[in-house]
Amino acid sequence: MTQSSKPSEVSRIFPARFDSLADICVFVTQRAEVAGFGPRAVYAVQVAVDEACSNIIEHAYGSEGPTGVRRPLDTRTQPDKGAQTIECTCRIKRDRLIIQLHDHGRPFDPATVPKPDLEADLSERHAGGLGVYFIQQLMDAVQFESVPGQGNTLTLIKCRTPPNLGGNSRPEPA
Amino acid sequence: MEVTTTELTRCDLIKAIGRVNSQTAPQLEDAFEALQNQGRHNFVFDMSQVDFISSAGLRVMIHVQKTCKENDRGELVLASVPARVHETLDLAGFVPLFQIYDTVVQAVGSF
């Protein structure tokens, strides 16, 4: 794990494995608390980041599925097979925490995941898509960018106070 | 995360302690499946010490509930659900799919 820091920005690199999730949670929790978030907002950040990192591990790197099945990587999008990492950068800007998750796997844009049916009967209910739905519900803004050769960046923005829905409701870009 | 199972007369009590996420959910799933493979399908899931649950944990819960309710074999009921975990269940639309009891005693008594 490496670390660099500026007064309001801290970045760490984690191995893209499910057993990194606890360390990533500790990291973002600490940053959310520094940003002045209350327990409810901290929990929202924990859930969103856990889901986002799980998706990167499972879908972007494809190296650790829920059943433990290992799938081959796409070397066209990940030329360096050894760099299975998630770089997590937390920036505190006024009333908001900006979390950027950078990976070198296959592009996985959460916006392409269909919204789950939350009212279906048990027999028709699927848990797929819930993670992305959680991220979108718990964060104030979610942005995805993929640059060929440079990797993917998922940006999650959480405001300490909810954005004013009556005016300029969207947080400023990261 | 730690999972314990206790066989009771009319149901099994499964208790998870800690975080249920993509790393630990398979362990929870294994605990339920081991019981289901023995033909046991009435479960109380004591969530009192689950301090975090992600969609991976919810995936296990919905899968177990579906299996239990097939042919009316049984049911998974929840007990002592912490407020934050309940909020996650609510966000996922899971609350109507599970009987939720305030205490383990009440949940066990429902069978």
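**Entry 1: B:Ser22**

I started with the surroundings of B:Ser22, which touches A:Phe18, A:Leu21, A:Ser54, B:Ser54 and B:Ala56, leaving out residues up to four places away in sequence. For contact I took heavy atoms within 4.5 Å. The model is predicted, so I note its terms here: local features need pLDDT of at least 70, side-chain atom pairs count only at pLDDT 80 or more, and totals for chains, interfaces and linings use all residues. Residues are numbered from 1 along each chain as its sequence is written, chains are lettered from A and ligands numbered from 1 in the order in which they are written, and side-chain values use heavy atoms, with hydrogens and water left out.

I located B:Ser22 in the loop between β2 and α1 of chain B. Helices (H or I, at least four residues) and strands (E, at least two) are DSSP runs, numbered from the N terminus. Is B:Ser22 buried or exposed? B:Ser22 has 12% relative accessibility and therefore counts as buried. The scale is relative accessible area: buried is under 20%, exposed over 50%, partly exposed in between (1.4 Å probe, protein chains only). I also found a polar contact of 2.8 Å between the side chains of B:Ser22 and A:Ser54. A polar contact is a pair of N or O atoms within 3.5 Å; within protein, one must be able to donate a hydrogen and the other to accept it, and residues adjacent in sequence count only if both atoms are side-chain atoms.

**Entry 2: aromatic pairs**

A:Phe14 and A:Phe27 form a tilted pair, with 6.0 Å centre to centre and 50° between the planes. Rings of Phe, Tyr and Trp (its six-membered ring) pair if their centres lie within 6.5 Å; planes under 30 degrees apart count as stacked, over 60 as edge-to-face and the rest as tilted. This pair links distant parts of the chain, 13 residues apart: A:Phe14 is in strand β2 (residues 9-15) of chain A, and A:Phe27 is in helix α1 (residues 21-34) of chain A. I checked burial, and both A:Phe14 and A:Phe27 are buried.

In chain B, the ring centres of B:Phe32 and B:Phe43 are 5.2 Å apart with the planes at 75°, so I logged the pair as edge-to-face. B:Phe32 belongs to helix α1 (residues 25-36) of chain B and B:Phe43 to strand β3 (residues 42-53) of chain B, so this pair ties together parts 11 residues apart in sequence. B:Phe32 and B:Phe43 are both buried. Ring pairs join B:Phe32, B:Phe43 and B:Phe45 in a cluster.

I also noted a charge over a ring: the charged end of B:Arg19 sits over B:Phe52, 4.1 Å from the ring centre. The test is NZ of Lys or CZ of Arg within 6 Å of the ring centre and within 35 degrees of the ring normal.

**Entry 3: helix α1 of chain B**

Which residues of α1(B) are buried? They are B:Ala25, B:Leu28, B:Ala31, B:Phe32, B:Leu35 and B:Gln36. These residues cover an arc of only 135° around the axis, so they lie on the same side of α1(B). The arc is taken over the directions from the helix axis to the C-beta atoms. The cover over the buried residues of α1(B) includes β1 (2-7), β2 (12-20), β3, α2 (55-69) and β4 (75-79) of chain B.

**Entry 4: chain A and A:His102**

Chain A has 3 helices and 6 strands, in the order β-β-α-α-β-β-α-β-β along the sequence. Of its 174 residues, 49% count as buried.

I then looked up A:His102, found in strand β4 (residues 96-103) of chain A. A:His102 is buried, at a relative accessible area of 19%. Its side chain makes a polar contact of 2.8 Å with the side chain of A:Thr153. A polar atom of that A:His102 side chain also lies 2.9 Å from the backbone oxygen of A:Gln150.

**Entry 5: positive phi**

Most residues other than glycine have a negative phi. I noted A:Arg94, with phi near 50°, in the loop between β3 (85-93) and β4 of chain A. B:Asp72 has a positive phi of about 55° and lies in the loop between α2 and β4 of chain B. A:Arg94 is exposed at 56% relative accessibility, and B:Asp72 is exposed at 74%.
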